[in-house]
Amino acid sequence: MGTSRVLTWDVPASRGYETAWAELDGDVLRARGRAVGTVPEPYWITYELDTSRDCVTRRLRVTAETAARSRSLDLRHDGRGGWTADGERLPAVEGALDCDLGLCPLTNTMPVLRHGLHRVADERRLLVAWVSVPDLTVRPSRQTYTHLGRTRGGGGRVRFTSGTFRADLDVDADGFVVDYPGLATRVAG
């Protein structure tokens, strides 16, 4: 039997909020969520995330609504390193295992869990399929996750870097973000 969680974050980076309904069954994560933000413009996001074993992204379906338009994205990983967005191949992210939905603290969970970075000393350099919000453009992103130590309650502190950006994330025992300085702080769940 897996773990079901309802997680809500205050997301100052977007001047908004996010709630995710997440189910973690061993090393498989399924989640659906909604976010509202006002930066870079007012928007609503709805998403569904499915992973396979080892929390490897299988599919991310996202809809973004702004005053000007509504856009949807169907991002898929074939299990062998290939990616498509709305059926079109994405060679720039070939070999990536994870997606990273911009301004979404939930998607940091997959690499943390896969490598046990909330529990054990390790560092992982990753290529991810980063999805910008609210335009839903997919770009390659080089990211590094580094275990910094354990925290109360069985969680851990993990350093996240991408380019010149760096943040030390606090995650709970299940690998979900509690605090992501500059991006989000969990207020429930």
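Q: In which loop is cysteine 55 found?
A: In this predicted model, cysteine 55 sits in the loop between β4 and β5 (57-66).

Q: Why is cysteine 55 called buried?
A: Its relative accessible area is 1%. Buried means under 20%, so cysteine 55 counts as buried.

Q: What is listed about the phi of cysteine 55?
A: Phi is positive, about 55°, although cysteine 55 is not a glycine.

Q: Why does aspartate 86 count as partly exposed?
A: The relative accessibility of aspartate 86 is 42%. Buried is under 20% and exposed is over 50%, with partly exposed in between, so aspartate 86 is partly exposed. Aspartate 86 lies in the loop between β7 (83-85) and β8 (88-89), and has a positive phi near 55°.

Q: Which residues have the most contacts inside the largest nonpolar core?
A: They are Ile45, Tyr47, Leu60, Leu75, Leu101 and Leu106, in a core of 50 residues. Strand β10 (residues 123-131) supplies the largest share of this core, five residues.

Q: What is leucine 106 in contact with, leaving aside its neighbours within four places in sequence?
A: Leucine 106 is in contact with Leu7, Trp9, Glu18, Ala20, Ala31, Tyr47, Leu49 and Phe176. Contact here requires heavy atoms within 4.5 Å.

Q: What is the omega of the peptide bond from valine 133 to proline 134?
A: Omega is near 10°, and the bond is cis. Proline 134 lies in the loop between β10 and β11 (138-150).

Notes
Residues numbered from 1 in each chain as written. Predicted model: local features only at pLDDT ≥ 70, side-chain atom pairs only at ≥ 80, totals over all residues. Heavy atoms only, no water. Core = buried A, V, L, I, M, F, W, Y, C linked by side-chain atoms within 4.5 Å. Buried < 20%, exposed > 50% of the residue type's maximum accessible area, 1.4 Å probe, protein only. Helix = DSSP H or I, 4+ residues; strand = E, 2+ residues; numbered from the N terminus.
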